[in-house]
Amino acid sequence: MKRFSALLLLVPVVAAAEESEELLSAAALAADNQCDPAAGGDCSLSALQKRSQKQSVEASEEAHGKLWGSCAQYGCSHSYHSWMGCQCNSACAQYGNCCSDYYSICAPATQPANLALAIVPAPEPTAGDNSTAILSRANSTAIPPRANSTVNPPVKSTPGQLYGHPTPGASYPAHAGFTLMLVEEFNSPIDLDSDPIWTWSDGGLTEGQVRFQKQNILFQDGKMKILVSSTPAANPQTCSHAEVADIPDKPLSSGEFRSRHNSFRYGRYEVRMKAPSVKPGNPSVDGNFISTMFVYRDAKYKHWREIDFEITGDGPAAVTTNVLSADNTDRWKSGIQESRQVSAPNTRTDFHTYAFEWLPTSITWYIDGEKVRQKTGGGVPIPDMSGKVMMNMWIFGENYGFGGPQGHNNVYPMESEYDWFRFYTWDGETHYPCAGFGAGCLTSDDQYLSGNNPCDGIPQIGTVYGKDPCTAACHR
């Protein structure tokens, strides 16, 4: 999704010294987690709110330098907590989502000689389970995280496990050099407040007319639908955790489905989707919309990395592919992006499969299995840092400067439909994604200002031009 306009005002040029921002002490977090469920309180929400209030508190000497996403920070527990980026309970090894320091902090007597052996395949799936066995990955060349970044010991998602919500017993296509790790069929609703992989955005582009909210992400008829409505977002807070800024009122609302963490890097990304009709029943009418699937580095204002498909409203076959790479940039400019419109079928009348393969030395885009573009070097660098998977739809500003000039034809509500999403990790990638698609292997840079919404439990670690980021309250 192109963050397109020179109107972008978000800020941070962050000095290297700020990369390890002050973190909450283990003692403070333990105190935050003291909650009596019998008293009717929402314990995870209570802890979240306390963390938001304490973002500017200096960490104690003992906690300084520790990464968020560790048992030293969370404390040991006996059950799963959806707000935690990785887990600190006795079942975490079974499900592959232990924090990297679980054994040293919570279970030293059971620590295996090789920590990686603690992450074992989940049991055979049962109805409703979101993990099932697939073929193991072949041996491959290690690709480390980006240099000069603080990193937890790599505790990577287990090869041989399929995460997400696949169809039980289904057989999925294989792609040489890649291993399937994540499938979303959208056959049943995903709880975007508790799912360990996915969440929602509270953002809104400066150059756009929409504010994102959870209510505009629908799961119906075996599909995910993202709805643009002429009804503004319900009781929006000015502060957006996703944009790390205050957002003015927007006349329209929409949704952005996104992964919780910057934990996706080299691999094959596939989505089967259909763009909206600007006028119901008449897909030939052009208007204005941008319907997307992309990988995006949050927060972009320090390291902007992006690879995407954008389907736009200026024609029934209007599809743009983009790659962006920039550092310390708070606004879009032409030098950070390479865009190319590609040949496409009618995007509004039928579902089509859009895919890209992201490798260290190339990016290749496909539509319905046919290669439509390949980038191998020169110009904008190929992104080298992990990001989040995102899918959204938005409307450009009233001048309709991108996405189609005939926005006056738009009839709301307007919806884009997603039939399924698949992620195949590259067999040469040995660092990302983290175990259970959590936060256990993320670097300090991966966690910089990476919140998505005020209810996701992810702290906004970092500053904006030396000032604490804005915070919003969680209202469920």
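Which cysteine does a disulfide join to Cys434? In this predicted model, the partner of Cys434 is Cys441, and the two sulfur atoms are placed 2.1 Å from each other. The torsion about the S-S bond of Cys434 and Cys441 is about -90°, so this disulfide is left-handed. Both of these cysteines, Cys434 and Cys441, are buried.

The bond between Cys434 and Cys441 belongs to a set of 4 disulfides found in a search of the whole structure. Another member of the set links Cys76 with Cys106, at an S to S distance of 2.0 Å. Cys76 is located in the loop between α3 (71–74) and α4 (92–95), while Cys106 is located in the loop between α5 (102–105) and β1 (132–133), so that this pair ties together parts that are 30 residues apart in sequence. The disulfide of Cys76 and Cys106 is left-handed, because the torsion about its S-S bond is about -95°. Cys76 has a relative accessible area of 46% and is therefore partly exposed, and Cys106, with a relative accessible area of 24%, is likewise classed as partly exposed.

A further disulfide joins Cys239 to Cys470, with 2.1 Å from S to S. Since Cys239 belongs to strand β8 (residues 239–240) and Cys470 to the segment after β21 (414–426), the pair ties together parts that are 231 residues apart in sequence. The torsion about the S-S bond of Cys239 and Cys470 is about 80°, so the disulfide is right-handed. Cys239 counts as buried because its relative accessibility is 6%, and the cut-off for this class is under 20%. Cys470, by contrast, is partly exposed, with a relative accessible area of 23%.

Attention now turns to the strands. An open sheet is built from 7 strands in the order β4-β11-β20-β13-β14-β15-β16, and the pairing within this sheet is antiparallel. From one strand to the next, the twist averages 15°. Within the sheet, strand β11 (residues 256–259) pairs with strand β20 (residues 388–394) in the antiparallel sense over 3 bridges, and the bridge partner of Phe257 in β20 is Met391.

The aromatic side chains were examined next, and the count comes to 17 aromatic pairs. In one of these, Phe264 and Tyr269 form a tilted pair, with 6.4 Å centre to centre and 50° between the planes; both Phe264 and Tyr269 are buried. Tyr266 and Trp358 form an edge-to-face pair, with 5.5 Å centre to centre and 75° between the planes. Because Tyr266 lies in the loop between β11 and β12 (267–274) whereas Trp358 lies in strand β17 (residues 352–359), this pair ties together parts that are 92 residues apart in sequence. Tyr266 and Trp358 are both buried.

Arg268 lies over the face of Tyr366, at 5.1 Å from the ring centre, and the charged end of Lys302 sits over the ring of Tyr448, at 4.6 Å from its centre.

Note on methods
Residues are numbered from 1 along each chain as its sequence is written. This is a predicted model: local features need pLDDT of at least 70, side-chain atom pairs count only at pLDDT 80 or more; totals for chains, interfaces and linings use all residues. Side-chain values use heavy atoms; hydrogens and water are left out. Two strands pair if DSSP finds at least two bridges between them. Helices (H or I, at least four residues) and strands (E, at least two) are DSSP runs, numbered from the N terminus. Axes are lines fitted to C-alpha atoms, for helices over the stretch in contact, and angles run from 0 to 180 degrees between N-to-C directions. Rings of Phe, Tyr and Trp (its six-membered ring) pair if their centres lie within 6.5 Å; planes under 30 degrees apart count as stacked, over 60 as edge-to-face and the rest as tilted. Buried means under 20% relative accessible area, exposed over 50%, partly exposed in between (1.4 Å probe, protein chains only). A charge sits over a ring if NZ of Lys or CZ of Arg is within 6 Å of the ring centre and within 35 degrees of the ring normal. A disulfide is a pair of cysteine sulfur atoms within 2.5 Å.
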